[in-house]
Every structure is written in structure tokens, then in C-alpha cells.
Amino acid sequence: MWLARQTPEKVLPLLHKVIEGAKDEFADAVANGDGIYAVGYCFGGKYVLLLGSELPDTVAKGQATKDEEQGVVKRGPQIKAGAIAHGTMITKEDIEGLKVPVTMACTENDQLFPDDIRAEGQKYLVDNNRPHEIQVFPGVPHGFAVVGEYDDVKIQDAQKAAFDQMLSWLKSH
């Protein structure tokens, strides 16, 4: 399955190239905005969390951990703040590693980001005073926040609310 083959060791080096390119191309905007912000829908949600974390340098560069006895150098976070909508493959550890403010627009009963993982992550964020906002949208499918032609008014309303939530969060951080 495609999703299972997309590991942090494969994806993070690509994202770091994008970040470095943005820093070069938009140096003034990055400097005046005091950093880079990230938004991740579905598959991208996990990577917003990882970019907002401190990672061992080998993982951050997309390499497997070599010799743990040599010590671990951490790198990150790479972003100032993040927003995710209906994340996929997110683990409790992804949330626990987070060092930057994040907002999450989630669906209820989402098999790709289970309620128990979200609840454990939220508890960790609260217990550790990490700036966050989590909004759960009941009765909408995974993928609801992606712009599309939904006939269901409930999905349309949730889509708009999720967009407004993420935009407001990023503007305030």
C-alpha cells in the first residue's frame, strides 16, 4: 500500500528541501513572519507534527539511526506553528514530540486518526502546557476539510469552520 511505504525517512528530506527553498526564495517574508508555518491535510498532518518536533538528526535528514551509543543530536523544530486537518498515521509519540503551537481539525470515529490516540495526545498537550486547539467535527467523513463538491450542508459547514480555525490559529501565532 502506498501510504505504508511513505515513511519519515523518505518524506522528511523532501520537506526539508522545500523549507530550505522557502527560506532562500522568501527570506524577507520568513524573517518578518518570524518563521515558517505548516498546514497538513490527511497524510501531511503527521509531517506537520514531525516538523514541529525535535528529531534525532539522522531521522530529520531521512537516515536510519546508526549507532545510538555515539549520542543523539536533535534537530528542530523546523516550523513556528502548525495546523492539521483529519491527520493520518499520527501516533501518540508524534504528538508528544511537538514543540510548537498546533491546531487540529479532526473527525469523530476516524479510523485513520483514532479517537483514543487523539485523546491521549490531547491529554499530553494539556498536561504539558503545550499551546494547542483541537476541534472534533462529528458526523463528517475523513477528508471533509479538503475543498470539494459536497452536497451535504453539514460537511460544507464543517469544511468552512475547519478552514477558518486553521487560518485563525496561524494568524495568531
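**Note on the fold and cores of a predicted model**

1. From the N terminus on, the elements of the protein run α-α-α-β-α-β-α-β-β-α-β-α-β-α, where helices (H or I, at least four residues) and strands (E, at least two) are DSSP runs, numbered from the N terminus. That makes eight helices and six strands.

2. This is a predicted model, in which local features need pLDDT of at least 70 and side-chain atom pairs count only at pLDDT 80 or more, while totals for chains, interfaces and linings use all residues. Residues are numbered from 1 along each chain as its sequence is written, and side-chain values use heavy atoms, with hydrogens and water left out.

3. The C-alpha trace of the protein spans about 55 × 35 × 35 Å along its principal axes. Of the 173 residues, 39% count as buried (under 20% relative accessible area, 1.4 Å probe, protein chains only).

4. Among contacts (heavy atoms within 4.5 Å) between residues at least 6 apart in sequence, 67% join residues at least 24 apart.

5. The largest nonpolar core has 24 residues, and L49, I79, I95 and M104 have the most contacts inside it. A nonpolar core is a set of buried Ala, Val, Leu, Ile, Met, Phe, Trp, Tyr and Cys residues joined through side-chain atoms within 4.5 Å. Helix 2 (8-25), helix 4 (43-51) and strand 5 (102-107) each give two or more residues to this core; helix 4 gives the most, with five.

6. Not counting residues up to four places away in sequence, L49 touches I90, D94, I95, L98, V102 and M104. A second, separate core of 14 residues includes A83, A85, F137 and L170.

Note on methods
Buried < 20%, exposed > 50% of the residue type's maximum accessible area, 1.4 Å probe, protein only.
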